Amino acid sequence: MPVFDYDPPERFVAGALGQPGARVFYLQARAEGRLTTVALEKLQVAALAGRLDELLDEVLRLSGGSAHVPAVAPADLTDDAPLDVPLAEDFRVGTMALAWDAERSQVVIEAQEVIDEDDLDSSDPAVLRVRISAGAARAFTRRALQIVAAGRPPCPLCGQPLDAAGHVCVRLNGYRGGEAAS
């Protein structure tokens with residue numbers, strides 16, 4: 001099982017390429033001349049960002065405010081740069097896990113490769129493991145949520161994403177709604 005371990009990375013970000021509605025989402029970690037890029041779904045990026053914030057809020061609450069966890073992303077950790085190139089997908093993410101390392105005051109993020117049912121016995125899944133500070137985790141979350149929100153606008157009636165030509169809206173009983181203005 002290949003393990004791509006970053007403790008800590010120089011950079012750990014979520015990013016997306018493509019047009020809204022057809023974007024491909026990635027996590028990228030970089031350190032010491034190594035670059036690991038894994039593909040995942042938009043919902044996985046959103047879930048990771050949401051759970052990271054919940055984890056950090058809980059650590060802060062349980063410590064009574066004494067943990068070294070910023071309430072918001074520190075401005076100096078903002079990373080709005082594009083994904084690093086070359087963009088070569090190392091694997092596609094299936095499951096993810098989060099943990100708080102209290103001894104080191106770090107978040108541990110693991111993204112495990114999705115394995116086909118045919119390959120279950122033949123190989124162990126690859127894993128991307130990243131250890132980052134609480135501040136870096138808040139900065140990651142901020143960027144990830146911005147990337148997720150940069151997709152197609154939601155229909156004002158049903159909340160489903162609108163394509164350029166609108167969509168079949170369930171609130172309009174199947175009639176085409178949300179036509180884009182010219």
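A charge is taken to sit over a ring if NZ of Lys or CZ of Arg is within 6 Å of the ring centre and within 35 degrees of the ring normal. In this predicted model, Arg-34 lies over the face of Tyr-6, at 4.1 Å from the ring centre.

Aromatic pairs were examined next. A pair of aromatic rings is described by the distance of the centres and the angle of the planes. Two aromatic pairs were counted. In one of them, formed by Phe-12 and Phe-140, the ring centres are 4.8 Å apart and the planes meet at 10°, so the pair is stacked. This pair links distant parts of the chain, with Phe-12 in strand E2 (residues 11-17) and Phe-140 in helix H2 (residues 134-149), 128 residues apart. Phe-12 is buried, at 9% relative accessibility, and Phe-140 is likewise buried, at 3%.

The largest nonpolar core comprises 31 residues, and those with the most contacts inside it are Phe-12, Leu-27, Leu-128 and Phe-140. Elements that give two or more residues to this core include E2, strand E3 (24-31), helix H1 (42-62), strand E7 (127-133) and H2. Beyond its neighbours within four places in sequence, Leu-27 is in contact with both Phe-12 and Phe-140, and also with Val-13, Ala-14, Thr-36, Thr-37, Val-38, Leu-40 and Leu-48.

Pro-20 lies in the loop between E2 and E3. With a relative accessible area of 39%, Pro-20 is partly exposed. Leaving aside neighbours within four places in sequence, Pro-20 is in contact with Ala-150, Gly-151 and Arg-152.

Technical notes:
Residues numbered from 1 in each chain as written. Predicted model: local features only at pLDDT ≥ 70, side-chain atom pairs only at ≥ 80, totals over all residues. Heavy atoms only, no water. Phe/Tyr/Trp six-rings, centres within 6.5 Å; stacked < 30°, edge-to-face > 60°. Helix = DSSP H or I, 4+ residues; strand = E, 2+ residues; numbered from the N terminus. Buried < 20%, exposed > 50% of the residue type's maximum accessible area, 1.4 Å probe, protein only. Core = buried A, V, L, I, M, F, W, Y, C linked by side-chain atoms within 4.5 Å. Contact = heavy atoms within 4.5 Å.
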